[in-house]
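User: Hi! Could you take a close look at one part of this model for me and walk me through what lies around it?

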Amino acid sequence: MTSTNAAPASTRTSRRILGLAGTGLVATLGAMVATTAAAALAQAAGVDFAIPDGGERIPLGGFAVVTGFFSVVGTVIAVALLRWSARPAERFLWTAVTLTAISLIPPLLAGANIATTVTLLALHLVPAAVMIPTLTRSLRARAG
């Protein structure tokens, strides 16, 4: 006689992971829009986003791309923790906050003017404010 419990447990795990991934995708899109909009507002207010090393300016599309990439990375971390951690929400929260803190170092070292540096620091916090609470809540709901 074969066990019929293996398929439903596997299906439940797949649904939890897919649900979390879907939540992460929606949050990623929200973070991209929020960050790019905030950067556009800052630019309209006179922040030039010029980085002295090479003299290039960060384009608005660059904010969307980088935000999207790292938000997807955060979602992958959350999915991995849901799959393999006994306490995924807590571990994700600590990991994400630590990575966000580390992400604040490059703007401080870039050598940009004060307005650009402060704005870049704030723009690192915008997607974190979208992604971290959303994924933490979703992990808590799914890990139960």
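Analyst: Happy to. Please keep in mind that this is a predicted model.

R57 counts as exposed, because its relative accessibility is 55% and the cut-off for that class is over 50%. R57 forms a salt bridge with D48, and the closest N and O atoms of the two are 3.8 Å apart. In general, side chains of opposite charge can pair when their charged atoms come close. D48 has a relative accessibility of 26%, so D48 counts as partly exposed. The structure holds one salt bridge, and the D48 and R57 contact is that bridge.

Now to the pocket. The largest pocket has a volume of about 810 Å³. Its lining is made up of 30 residues, and V66, F70, S103, H124 and P127 are those that lie nearest its centre. By class, 21 of the lining residues are nonpolar and nine are polar, while none is charged. Helix 2, helix 3, helix 4 and helix 5 each supply at least two residues to this lining. Helix 2 gives the most, with nine residues.

Helix 2 spans residues 60-84, and V73 has its place there. V73 also belongs to a nonpolar surface patch of about 480 Å², which it makes together with V65, V66, F69 and F70. V73 itself counts as partly exposed because its relative accessibility is 32%.

Helix 3 covers residues 88-103, and L99 is found in it. With a relative accessible area of 44%, L99 is partly exposed. The C-alpha atoms of L99 and G74 are separated by 9.4 Å, although the two residues are 25 residues apart along the chain.

Helix 5 covers residues 114-143, and R142 has its place in this helix. R142 counts as partly exposed because its relative accessibility is 24%. Along the chain R142 and L20 are 122 residues apart, yet their C-alpha atoms are separated by 7.8 Å.

Definitions and conventions. Residues are numbered from 1 along each chain as its sequence is written. This is a predicted model: local features need pLDDT of at least 70, side-chain atom pairs count only at pLDDT 80 or more; totals for chains, interfaces and linings use all residues. Side-chain values use heavy atoms; hydrogens and water are left out. Patches are made of residues with over 30% relative accessible area and no salt bridge: like charges are joined within 9 Å, nonpolar side chains (Val, Leu, Ile, Met, Phe, Trp, Tyr) within 5 Å. Accessible areas come from the Shrake-Rupley method with a 1.4 Å probe; for residues, only the protein chains shown count as cover. A salt bridge is a side-chain nitrogen of Lys or Arg within 4 Å of a carboxyl oxygen of Asp or Glu. Helices (H or I, at least four residues) and strands (E, at least two) are DSSP runs, numbered from the N terminus. Buried means under 20% relative accessible area, exposed over 50%, partly exposed in between (1.4 Å probe, protein chains only). On a 1 Å grid over the protein atoms alone, a cavity is a set of points where a 1.4 Å probe fits but cannot get out, and a pocket is an open set with protein on both sides within 12 Å along at least five of seven lines; lining residues have an atom within 4 Å of a point. Grid points are joined across faces, edges and corners, and a volume is the space filled by probe spheres set on the points. Ala, Val, Leu, Ile, Met, Phe, Trp, Tyr, Cys and Pro count as nonpolar, Asp, Glu, Lys and Arg as charged, and the others, Gly among them, as polar.
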